[in-house]
Amino acid sequence: MRRPPPSPPEAPWVVSLTARPNPVRVGEPVQLRTAVEGEKPFSYQWTVDGTTATRGPAPTYTFERPGRHTVQVRVSNDGGTQTRSMTVQAERRTAKRPSPQPAGLWAVGVASMRNPAGAERMARRYRNRLADAPVSVRIVEHMLDQERHFRVVVGRYETQAAAQQARETYRRALPPKAWAVRLE
């Protein structure tokens, strides 16, 4: 009795395609990711604005000019190929000028901890959550009970009332216990 030949594997199915952050600033890396279902192994080919850029399931890419860019991934296996596209917005860099921190400024506190690495991870989380908002997320160091602490704060406001208003404005992206904090 003859067995039928094995059927070829199913072509890959690109479940999702993302870029974080999006929009991204020119000159800063963006993390491209795709989730694929189907029979492995897969091969990946990424193109940006029609030019082959990189390979792999989760590469990083840096845009050198502002504007809307078409990012496409082509995923293949022995069963076939699927292509999926998205648009990434690259924005101009803004010149950062050092500015003195005048006394009496306020911010929205989202975390306070002793570990600087933990504070950096927390700051990254809120930078991603607030990527589309016109506010900064930074870490400020302060002393509490004669120990160094690192606060993750959002924005910079002239008054406590303005910080509380910002807390309300961004409440969906902030933790429930976010607070208005006076910058030292």
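1. Two strands are said to pair if DSSP finds at least two bridges between them. Strands themselves (E, at least two residues) and helices (H or I, at least four) are DSSP runs, numbered from the N terminus. In this sense, S43 has S76 in β7 as its bridge partner.

2. The structure is a predicted model, in which local features need pLDDT of at least 70 and side-chain atom pairs count only at pLDDT 80 or more, while totals for chains, interfaces and linings use all residues. Residues are numbered from 1 along each chain as its sequence is written, and side-chain values use heavy atoms, with hydrogens and water left out.

3. The pLDDT, which is the predictor's confidence in each residue on a scale from 0 to 100, averages 86 over the protein chain, and 93% of the residues score at least 70. Among the elements, the lowest mean pLDDT, 83, belongs to strand β5 (residues 51–54), and the highest, 94, to strand β7 (residues 67–77). Over residues 97–101 the pLDDT stays under 50; for this stretch the model has five contacts (heavy atoms within 4.5 Å) beyond four places in sequence. Where pLDDT is low, the predicted coordinates should not be read in detail.

4. The protein chain has two helices and twelve strands. Read from the N terminus, the order of elements is β-β-β-β-β-β-β-β-β-α-β-β-α-β. The radius of gyration, taken over C-alpha atoms with a globule rule of 2.2 Å times the number of residues to the power 0.38, is 23 Å; this is well over the 16 Å that the rule gives for 184 residues, so the protein chain is more spread out than a compact globule. The C-alpha trace spans about 85 × 40 × 25 Å along its principal axes.

5. Of the 184 residues, 35% count as buried (under 20% relative accessible area; exposed is over 50% and partly exposed lies in between, with a 1.4 Å probe and protein chains only). Among contacts between residues at least 6 apart in sequence, 60% join residues at least 24 apart.

6. Strand β4 (residues 43–48) has two partners to note. Six bridges join β4 to β7, and the two run antiparallel. Three bridges join β4 to β5, also in the antiparallel sense, with W46 opposite T54 in β5. The strands β4 and β5 form a hairpin with two residues between them, and D49 in the turn has a positive phi of about 50°.

7. T70 lies in strand β7 and, at 42% relative accessibility, counts as partly exposed. Leaving out residues up to four places away in sequence, T70 touches T47, V48, D49, S85 and M86; D49 is the turn residue of the β4 and β5 hairpin. The C-alpha atoms of T70 and V24, which are 46 residues apart along the chain, are separated by 14 Å.

8. An open sheet is formed by four strands in the order β10-β11-β9-β12, with antiparallel pairing. Strands β10 (137–144) and β12 (179–182) stand at the edges with a single partner strand each, so one side of each is left without a neighbour in the sheet. Helix α2 (residues 160–169) lies across β9, β11 and β12 and runs at about 65° to β9.

9. Strands β9 (residues 106–113) and β11 (residues 147–157) pair in the antiparallel sense over six bridges; V108 stands opposite V154 in β11. V110, in strand β9, is buried with a relative accessible area of 9%. Not counting residues up to four places away in sequence, V110 touches Y126, V152, V154, L174, P175, A178 and W179. The C-alpha atoms of V110 and P175 are separated by 6.4 Å, although the two residues are 65 apart along the chain.

10. R151 lies in strand β11 and is buried, with a relative accessible area of 17%.

Terms used: Axes fitted to C-alpha atoms, helices over the stretch in contact; angles between N-to-C directions.
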